[in-house]
Amino acid sequence: MPWTSGAHRAHRSAPEVAAEPATLEARAVSAWFGERKVLDRVSLTMPAGQVTALIGPSGCGKSTFLRTLNRMHELVPGAALAGEVLLEGVDLYDAERRLTDARRQVGMVFQKPNPFPAMSIQENVLAGLHLTGARLDRDAEESLVEESLRRAGLWNEVKDRLRQPGSALSGGQQQRLCIARSLAVKPRVLLMDEPCSALDPTSTRVVEETITQIAEQVTIVIVTHNMQQAHRVSDQCAFFLASHGTPGVIVEHGPTEAMFSEPQDQRTSDYVNGRFG
Ligand SMILES: Nc1ncnc2c1ncn2[C@@H]1O[C@H](COP(=O)(O)OP(=O)(O)OP(=O)(O)O)[C@@H](O)[C@H]1O
């Protein structure tokens, strides 16, 4: 286990080597909010070290599916789930597996950059790690901060102002700070829910470059409404649809190039070519 926590907290002298990216597999995942079923038996393998884009019109269940992948769905009052999510073959919902462990292995970056405003850039990077209860000595923390900011493509822009508040950064920098915060806990998978939708085109491209750079080290699953972005950053796409109030399903999935150039289903073709959605 890479980090210790709680009562067993230890002061480590050096950060662990980055965890290997893991394959995530959803098997027949169904999800409900109260009586309402919003996902119906969704199965998808998200291969290690690849970027999987979840695309589809509003309300078809992409974000809900994403939240089932790190056990955030179960936090919603009245929410229910069926099916399995396997991380490298091991059930993420296994009764023996602690929630904090699942969240540490499967990190998440949200739509709106959400650095902790009262914390410095450095404290923000370490915040997720500290929340797990882990502590490192000062040198190890500083090298982890640098490593995480480098991986997130932000180091050169902030290395001279690590003690300044994270909220003083631009929106795009704040989002990369949030990526650095996620990477600092060495996740094996990183979930991203429309991470660029609050950013301008230039910041969007920088975040996309960051995604491309970290993809070999951490499996990425990204929800995006931007078809060009899905095309640019992903290796495979899954097209979700919920027609006429029925629960969301995956209509088609496959390598990104094929999904855009020769989709098998007419509805996929219509969607990726902007004819609806
Ligand atoms: N907390 C909630 N309580 C009740 N219903 C919800 C909740 N969150 C989402 N839903 C419903 O579940 C369905 C799927 O929503 P979800 O946000 O997963 O879709 P989405 O494809 O991500 O949409 P968007 O692209 O607009 O973000 C929608 O009908 C939505 O109204």
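**Entry 1: Glu-88**

I began at Glu-88, which lies in the loop between β5 and β6 (90-91). Helices (H or I, at least four residues) and strands (E, at least two) are DSSP runs here, numbered from the N terminus. The phi of Glu-88 is near 50°, a positive value in a residue other than glycine. I note for context that most residues other than glycine have a negative phi. Is Glu-88 buried or partly exposed? Glu-88 counts as partly exposed because it has 16 C-beta neighbours inside 10 Å. I call a residue buried if 20 or more other C-beta atoms lie within 10 Å of its own, exposed if 12 or fewer, and partly exposed in between, with C-beta atoms placed from the backbone.

**Entry 2: the model**

I am working from a predicted model, in which local features need pLDDT of at least 70 and side-chain atom pairs count only at pLDDT 80 or more, while totals for chains, interfaces and linings use all residues. Residues are numbered from 1 along each chain as its sequence is written. The pLDDT is the predictor's confidence in each residue, from 0 to 100. For the protein chain the mean pLDDT is 91, and 94% of the residues reach 70 or more. Residues 1-17 have pLDDT below 50, and this stretch has 30 contacts in the model beyond near neighbours in sequence. Two residues are in contact if their C-beta atoms, placed from the backbone, lie within 7 Å. For the complex, the predictor gives an ipTM of 0.97 and a pTM of 0.91.

I looked up Ala-82 in strand β5 (residues 79-87). Ala-82 has 13 other C-beta atoms within 10 Å and is therefore partly exposed. Its C-alpha atom is separated by 6.4 Å from that of Ala-31, 51 residues apart along the chain.

Next I took Val-29, in strand β2 (residues 24-33). Val-29 has 22 C-beta neighbours inside 10 Å, so it counts as buried. Which residues is Val-29 in contact with, leaving aside its neighbours within four places in sequence? They are Leu-39, Val-42, Phe-65, Thr-68, Leu-81, Gly-83 and Val-85.

**Entry 3: the ligand shell**

I listed the residues around the ligand: Phe-33, Val-38, Gly-56, Ser-58, Gly-59, Cys-60, Gly-61, Lys-62, Ser-63, Thr-64 and Val-76. A residue is near a molecule or strand if its C-beta atom, placed from the backbone, lies within 6 Å of it. Which element gives the most to this shell? Helix α1 (residues 62-68) does, with three residues. The shell divides into four nonpolar, six polar and one charged residue. In this count Ala, Val, Leu, Ile, Met, Phe, Trp, Tyr, Cys and Pro are nonpolar, Asp, Glu, Lys and Arg are charged, and the others, Gly among them, are polar.

**Entry 4: helix α6**

I checked the length of helix α6 (residues 171-183): its 13 residues should span 18 Å at 1.5 Å a residue, and its end C-alpha atoms are 18 Å apart, which agrees. The expected span is 1.5 Å times one less than the number of residues. Twelve of the 13 residues of α6 are buried, so the helix is largely enclosed by the rest of the structure. The cover over these buried residues includes β7 (106-109), α3 (121-131), α4 (138-151), α5 (155-158), β9 (189-193) and α7 (201-214).

Within α6 I picked Leu-177. Leu-177 counts as buried because it has 26 C-beta neighbours inside 10 Å. Not counting residues up to four places away in sequence, Leu-177 touches Pro-115, Ile-121, Asn-124, Leu-154, Gly-166 and Leu-169.

In the loop between α6 and β9 I found Lys-186. Lys-186 has a phi near 55°, a positive value in a residue other than glycine. With 23 C-beta neighbours inside 10 Å, Lys-186 counts as buried.

**Entry 5: helix α3**

I noted the buried residues of α3, among them Ile-121, Asn-124 and Leu-129. They are covered by elements including α4, α5 and α6. After α3 comes Gly-133, with a positive phi near 95°.

**Entry 6: the record**

In the model, residues 24-272 are 36% helix and 27% strand, and their end C-alpha atoms lie 25 Å apart.
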